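Have the sequence and the 3D view open side by side as you read. We will stop at a handful of places and look at each one in turn.

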Amino acid sequence: MARTKKAKLHAALRKAEAQKKQAAKAAPAVEKAPKKQPKLHFPYTKQDTLLLIGEGNFSFAHSIASKLGSGANIIATAYDSEQVAREKYPDLGQHIEEFNKLGGTVYFDVDGTKLHECVRLSGKRFSRIVFNFPHAGAGIKNQDRNIQTNKLLLFAFFTSAQTLLIEGTPKPPKSAGPKSTRTKGEESDSDVEAPMPKKKRTGARESVDTIEFEGVKAEVVYDAVDQYDPAPEDVVEPGQIHVTLKSGPPYDKWNIKHLARECGLVTMRTSNFVLDSFPGYEHRRTLGFKEGVSKDENKEIRDKNPKLYQFISKPKTDESDTISANGKRKKGSKKQALGITSESV
């Protein structure tokens, strides 16, 4: 009797399972929920005063100004004269025209290694100084000499750029270390020594915008300065130097973090440089754009896992490690210790 009841129960369960499977097959296909849009970090705000170094076709300046809705606080510079730049980059004119309409300022003939000597920049201070994909463009075939030439370029840029940064409030005495706020794609930097001044959140959300770039939709998250209570008058956020580089040889051999540290800088953050955060930006080589030779659609950097390095000046506690107003170290240069000499290039 008990066995009969058990057999009937199993039979009923099998029948119910079969009916469930049949009903699932007959039911209309349910569309899968769309994947969550990736959030792209946009590191600049309208409150920032930006100095862009080594612009090619000025599409980077145009992109930033477009995203911010204004270029009033942006000065974009090129190493070349206007005539040479226009010959190198046929699309330069349209980007400058749109950038100017947004209130941006353009300077030609600006040497990124001698910013402290530029009369047009005299007396100005910036919260962000940005050098996108620096390269000497010397055309040196010997790789060792090429590496040394570009290390010298970065050394001179770091040394000079610090004279134009907004000076921040000295860091408070060290206490228990804060929890890591790194996001996916960011690396830990062992030489981080100067945390940013803390500000109290008011609960306001970050500014988020949805963009479509090359057929892919994504959210861009902007630094929302107004989400914080006003900082005390004696707290000033130190200016930052931003440099983007490709990954892999020979760029890894430039040892940019070590080079920056020897120039008196502290690495704040290393993260992926996400091209989709800058719609309309078109990378151009130092030597210019040549139809049929140069690559379109940022192919020259998209596959090279580019990184964004963010630096601030080290607190000036040691007179031997400070930068004077003319862009020179008060007690000698460390180029020799880094293996950078005029003979090596």
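## A salt bridge at the surface

Let us begin with Lys-101, which counts as exposed at 59% relative accessibility. Here, buried means under 20% relative accessible area, exposed means over 50%, and partly exposed is in between, using a 1.4 Å probe and protein chains only. Lys-101 forms a salt bridge with Glu-97, and their closest N and O atoms are 3.8 Å apart. A salt bridge is a side-chain nitrogen of Lys or Arg within 4 Å of a carboxyl oxygen of Asp or Glu. Glu-97 counts as partly exposed, at 45% relative accessibility.

Why are Lys-101 and Glu-97 separated by about one helical turn? Because they are four residues apart in helix H4 (residues 92-101). Helices (H or I, at least four residues) and strands (E, at least two) are DSSP runs, numbered from the N terminus. An α-helix has 3.6 residues a turn, so residues three or four places apart point the same way.

## About the model

Please keep in mind that this is a predicted model: local features need pLDDT of at least 70, side-chain atom pairs count only at pLDDT 80 or more, and totals for chains, interfaces and linings use all residues. Residues are numbered from 1 along each chain as its sequence is written, and side-chain values use heavy atoms, with hydrogens and water left out.

How many salt bridges does the rule give? The count comes to six. One of them joins the side chains of Arg-86 and Glu-82, at 3.1 Å from N to O. Both residues lie in helix H3 (residues 82-88), four residues apart, about one turn of the helix. Arg-86 counts as partly exposed at 39% relative accessibility, and Glu-82 counts as partly exposed at 37%.

The side chains of Asp-80 and Lys-88 also meet in a salt bridge, at 3.0 Å from N to O. Is Asp-80 buried or exposed? With 16% relative accessibility, Asp-80 counts as buried.

Just after H2, Gly-69 takes a positive phi of about 80°.

The axes of H2 and H4 come within 9 Å and cross at roughly 30°. Axes are lines fitted to C-alpha atoms, for helices over the stretch in contact, and angles run from 0 to 180 degrees between N-to-C directions. H2 and H4 are therefore roughly parallel to each other; angles under 35 degrees count as roughly parallel, over 145 as roughly antiparallel, 65 to 115 as roughly perpendicular and the rest as oblique. Ser-59, Ala-61, His-62 and Ala-65 of H2 make the contact with His-95, Glu-98 and Phe-99 of H4, where contact means heavy atoms within 4.5 Å.

## Two nonpolar cores

In soluble globular proteins, nonpolar side chains tend to be buried together. A nonpolar core is a set of buried Ala, Val, Leu, Ile, Met, Phe, Trp, Tyr and Cys residues joined through side-chain atoms within 4.5 Å. Which members of the largest core touch the most other members? Of its 31 residues, these are Phe-157, Phe-158 and Val-243. The elements that give two or more residues to this core are E2, E5, helix H5 (143-161), E8, H6 and strand E10 (307-313). H5 gives the most, with six residues.

Apart from this core lies another, of 28 residues, among them Phe-58, Phe-60, Ala-65 and Leu-92.

Most residues other than glycine have a negative phi, and most peptide bonds are trans. Phe-58 has a positive phi of about 65° although it is not a glycine. Phe-58 lies in the loop between strand E2 (50-53) and helix H2 (59-68), and it is buried, with a relative accessible area of 0%.

Asp-109 also has a positive phi, near 60°. Its place is in the loop between strand E4 (105-107) and strand E5 (128-132), and Asp-109 is exposed, with a relative accessible area of 51%.

Finally, a cis peptide bond joins Pro-249 and Pro-250, with omega about 0°. Pro-250 is found in the loop between strand E8 (240-245) and helix H6 (256-262).
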